[in-house]
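Subject: Structure handover

Hello,

Here is the structure I promised to pass on. Please open it beside this message as you read.

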Amino acid sequence: MTDQALRLLRESARLAELAAFPFNFDIGRAAHGNVEEVRTASGDPLGIVAGDDTGGRYFVCADGSMLYADSEGSAGNTALQEKAGGRVSARLDQARPEREDAQLAQAIRSLEALRGVLAAPGDDSLCHWQGVNLGRFIAEEHYSLTRALADARHPEEARALLKAADAILGELSENAANGARELAEGTAARVREIS
């Protein structure tokens, strides 16, 4: 499941309905969450992205792959995130709700992992990320998390992430960068306020 596909499902009620039926991939069921925190055997947290009508859930793993767990606790990797582009999209989808839920340390780790995949993708699925919306979305999430860190009064973390966000913005095509420039400028001003 790519970032673009998840974004389309979140933005279009009709597409979300089609994914829920007949494919039983219901993003609305992600909001129900779990009664208790779910982690992999290695201790990494899992981010819920969807559920099905049997009580199963789809999770994004630390490596960006997608995991399906049924209501009885059996799980299996869906192998949807085998390419670098999918791993980056999954990390982006994981960082956003972490930031929104004020899980800032986890969001920082998700974006660090995302940047690691960008640095060493291992395949050609990311060869044009700088010139498409994915690049802009990556930059925007970095700036949004930087802003959240500044608002939470974490100046060192905010400055470090701002530096990473600016580096990403510098790699984008002019069109992709223009979409994130206003957010970048506002975020830099906010970080200066707390420094």
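Below is what was found, taken topic by topic.

One point first: this is a predicted model.

**Salt bridges**

Searching the whole structure gives 9 salt bridges. Side chains of opposite charge can pair when their charged atoms come close.

Start with Glu141. Glu141 makes a salt bridge to Arg99, with the closest N and O atoms 2.7 Å apart. Glu141 sits in helix α5 and Arg99 in helix α3, so this pair ties together parts that lie 42 residues apart in sequence. Both Glu141 and Arg99 are buried.

Glu141 also forms a salt bridge with Arg96; here the closest N and O atoms are 3.9 Å apart. This pair again links distant parts of the chain, from helix α5 to Arg96 in helix α3, 45 residues apart. Why does Glu141 count as buried? Its relative accessible area is 4%, and buried means under 20%. Arg96 is buried too, at 15%.

Which residues make up the network of salt bridges around these pairs? Arg10, Asp93, Arg96, Arg99 and Glu141 are linked in it.

Another salt bridge joins the side chains of Asp26 and Arg29, at 3.3 Å from N to O. Asp26 is partly exposed, with a relative accessible area of 21%. Arg29 is partly exposed as well, at 28%.

**The aromatic pair**

How many aromatic pairs does a search of the whole structure find? It finds 1. The partners are Phe25 and Tyr58. Their rings are 4.7 Å apart, centre to centre. The planes make an angle of 55°, and the pair is tilted.

This pair links distant parts of the chain. Phe25 is in the loop between α2 (13-20) and β1 (47-51). Tyr58 is in strand β2 (residues 57-60). Phe25 counts as buried, at 8% relative accessibility. Tyr58 is buried, with a relative accessible area of 14%.

**His142**

Now go back to helix α5, where His142 lies. Is His142 buried or exposed? His142 counts as buried, because its relative accessibility is 0%. Leaving out residues up to four places away in sequence, His142 touches Leu111, Leu114, Arg115, Leu161, Ala164, Ala165 and Ile168. His142 and Asp166 are 24 residues apart in sequence. In space they are 8.9 Å apart, C-alpha to C-alpha.

**Two loop residues with positive phi**

Ala102 is in the loop between α3 (84-100) and α4 (104-119). Its phi is near 60°, a positive value in a residue other than glycine. Ala102 is exposed, with a relative accessible area of 60%.

Arg153 is in the loop between α5 (133-151) and α6 (155-171). Arg153 is not a glycine, yet its phi is positive, at about 65°. Arg153 counts as exposed, at 55% relative accessibility.

**A nonpolar patch**

Last, the surface. Leu8, Leu15 and Leu18 make a nonpolar surface patch of about 220 Å². Leu8 belongs to helix α1 (residues 3-11). Leu8 is partly exposed, with a relative accessible area of 39%.

Best wishes

Key:
Residues are numbered from 1 along each chain as its sequence is written. This is a predicted model: local features need pLDDT of at least 70, side-chain atom pairs count only at pLDDT 80 or more; totals for chains, interfaces and linings use all residues. Side-chain values use heavy atoms; hydrogens and water are left out. Rings of Phe, Tyr and Trp (its six-membered ring) pair if their centres lie within 6.5 Å; planes under 30 degrees apart count as stacked, over 60 as edge-to-face and the rest as tilted. Helices (H or I, at least four residues) and strands (E, at least two) are DSSP runs, numbered from the N terminus. Buried means under 20% relative accessible area, exposed over 50%, partly exposed in between (1.4 Å probe, protein chains only). Contact means heavy atoms within 4.5 Å. Patches are made of residues with over 30% relative accessible area and no salt bridge: like charges are joined within 9 Å, nonpolar side chains (Val, Leu, Ile, Met, Phe, Trp, Tyr) within 5 Å. Accessible areas come from the Shrake-Rupley method with a 1.4 Å probe; for residues, only the protein chains shown count as cover. A salt bridge is a side-chain nitrogen of Lys or Arg within 4 Å of a carboxyl oxygen of Asp or Glu.
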